Amino acid sequence: MTLPADALASPAAARLAAVHDAIAIAAADARRAATDVTLIAVSKTQEAEAIVPLIAAGQCHFGENRVQEAATKWPVLRDAHPDVTLHMIGQLQSNKAEDAVRLFDVIHALDRPSLLTALARSMDKLDRRLPCFVQVDLAGEPHKGGCPVPQLTALLAAAREADIPLAGLMAVPPVGLEPAPWFALLAKLADDHGLTGLSMGMSGDYATAVRIGATHVRVGTALFGERG
Ligand SMILES: *Cc1c(COP(=O)(O)O)cnc(C)c1O
C-alpha cells in the first residue's frame with residue numbers, strides 16, 4: 001500500500017484525514033453526502049507554522065475567533081494561499097465590524113441588532129456582502145453571545161431587511177451536557193425559519209452534529225492538538 005508522502009510526513013495531514021473519515025462515517029449514518037459538510041479548521045492561537053501544513057494537505061476553510069489575531073496572521077497566509085476561506089467564529093464587537101468584513105469571508109456570530117447595523121453599514125461601505133450565520137443562545141448563556149431564542153425571528157427579519165445574506169444558524173451548546181438535543185433544537189429553529197445552514201459541532205461532538213444535520217463543523221483541537 002502506498003500513502004501520499006505528505007500523510008506520513010505531517011501529523012496535520014494525518015489528523016485531517018482522521019477527521020474527514022469521522023465526518024464521512026457520520027454523514028453515511030445519516031444518509032447525507034459528506035460533501036454537504038464543510039470542515040472549518042479553527043486555527044485560533046495557532047501559528048502560521050501549524051496552519052501551513054494543513055493548507056498543504058488540502059484544507060481550505062479556517063476559523064478564527066478574534067479580529068486582531070486574524071489580522072496579524074492571515075493577510076500574509078492568504079497572499080500565498082488565495083483559495084482559503086476565512087470564517088469569523090467568535091463574538092464580534094460592533095466597532096470591529098468593518099475590519100471583520102474586510103478580513104473574513106463568512107461571519108458566524110451575528111447575534112444582536114447593534115452588530116447587524118454595524119455589519120450592514122460596513123458591507124455597504126466596502127461593497128462586500130458576507131454570508132452570515134446568526135448565532136443563537138439556546139440555553140440562556142448570554143456570556144457566550146448568541147441571540148436569545150425569543151428574539152430570533154425579529155433579528156432574522158432585520159437581517160433580511162438590511163440585505164445581509166443569511167447562511168443559517170450557529171450555536172455552541174452548554175459544556176458538559178449531551179449536545180444532541182441542542183443540535184436538534186438548532187436544526188428545528190433553522191427549519192422553522194427557512195434556513196439550511198447549520199454551523200454546529202466542535203472537536204468533541206462534530207460527528208454527532210453531522211448526524212443531526214450540521215453543514216459546517218468548527219474543529220480546532222482534533223486538527224491542531226491541544227491549544228497552548
Ligand atoms: C475554539 C472554538 C471551536 C473549536 O473548538 P475545539 O474544541 O478546539 O474543536 C469551535 N467553535 C468556536 C466558537 C470556538 O470558539
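Predicted model: local features only at pLDDT ≥ 70, side-chain atom pairs only at ≥ 80, totals over all residues.
In T221, an N or O atom of the side chain is 2.6 Å from a ligand oxygen atom. R218 places a polar side-chain atom 2.9 Å from a nitrogen atom of the ligand. On its own the ligand has 390 Å² of accessible area, of which the protein covers 87%.

Strand β9, which spans residues 216–219, includes H216. The relative accessible area of H216 is 17%, so this residue is classed as buried, the limit being under 20%. A polar contact of 2.8 Å joins the side chain of H216 to the side chain of T215. Beyond the residues up to four places away in sequence, H216 touches T38, I40, H87, H108, F133, L198, S199 and M200.

The interior of the model was examined next. In soluble globular proteins, nonpolar side chains tend to be buried together. Here the largest nonpolar core comprises 64 residues, and F62, L119 and L169 have the most contacts inside it. For L119, the residues touched are L92, A97, V101, I107, L110, C132 and I164, when residues up to four places away in sequence are left out.

Helix α7 covers residues 152–161, and its buried residues are L152, L155, L156 and A159. Viewed down the axis of α7, these buried residues fall within an arc of 100°, and they therefore line one face of the helix. The other side of α7 carries the exposed residues T153, A154 and E161. The packing partners of the buried residues of α7 comprise both strands and helices: β4 (106–110), β5 (132–137), β6 (147–148) and β7 (166–170), together with α6 (113–126) and α8 (180–192).

Just after α7, D163 adopts a positive phi of about 65°, although this residue is not a glycine. D163 belongs to the loop between α7 and β7.

T45 is located in the loop that runs between β1 (38–42) and α3 (48–56). A relative accessible area of 45% makes T45 partly exposed. The loop between β1 and α3 also contains Q46, which counts as buried at 12% relative accessibility. When residues up to four places away in sequence are not counted, Q46 touches I51, E69, K73, F224, G225 and R227.

D191 is situated in helix α8 and is exposed, with a relative accessible area of 60%. The C-alpha atom of D191 is separated by 9.5 Å from that of G168, the two residues being 23 residues apart along the chain. N95 occupies the loop between β3 (85–88) and α5 (97–103), and its relative accessibility of 65% places N95 in the exposed class. N95 and L189 are 94 residues apart along the chain, and their C-alpha atoms are separated by 29 Å. D83 is in the loop between α4 (67–80) and β3, where it counts as exposed at 67% relative accessibility. Between the C-alpha atoms of D83 and R102, which are 19 residues apart along the chain, the separation is 16 Å.

Definitions and conventions: Residues numbered from 1 in each chain as written. Heavy atoms only, no water. Helix = DSSP H or I, 4+ residues; strand = E, 2+ residues; numbered from the N terminus. Buried < 20%, exposed > 50% of the residue type's maximum accessible area, 1.4 Å probe, protein only. Polar contact = N/O pair within 3.5 Å; in protein donor to acceptor, adjacent residues only side chain to side chain. Contact = heavy atoms within 4.5 Å. Core = buried A, V, L, I, M, F, W, Y, C linked by side-chain atoms within 4.5 Å. Arc of directions from axis to C-beta. Areas by Shrake-Rupley, 256 points an atom, 1.4 Å probe, with all protein chains shown as cover.
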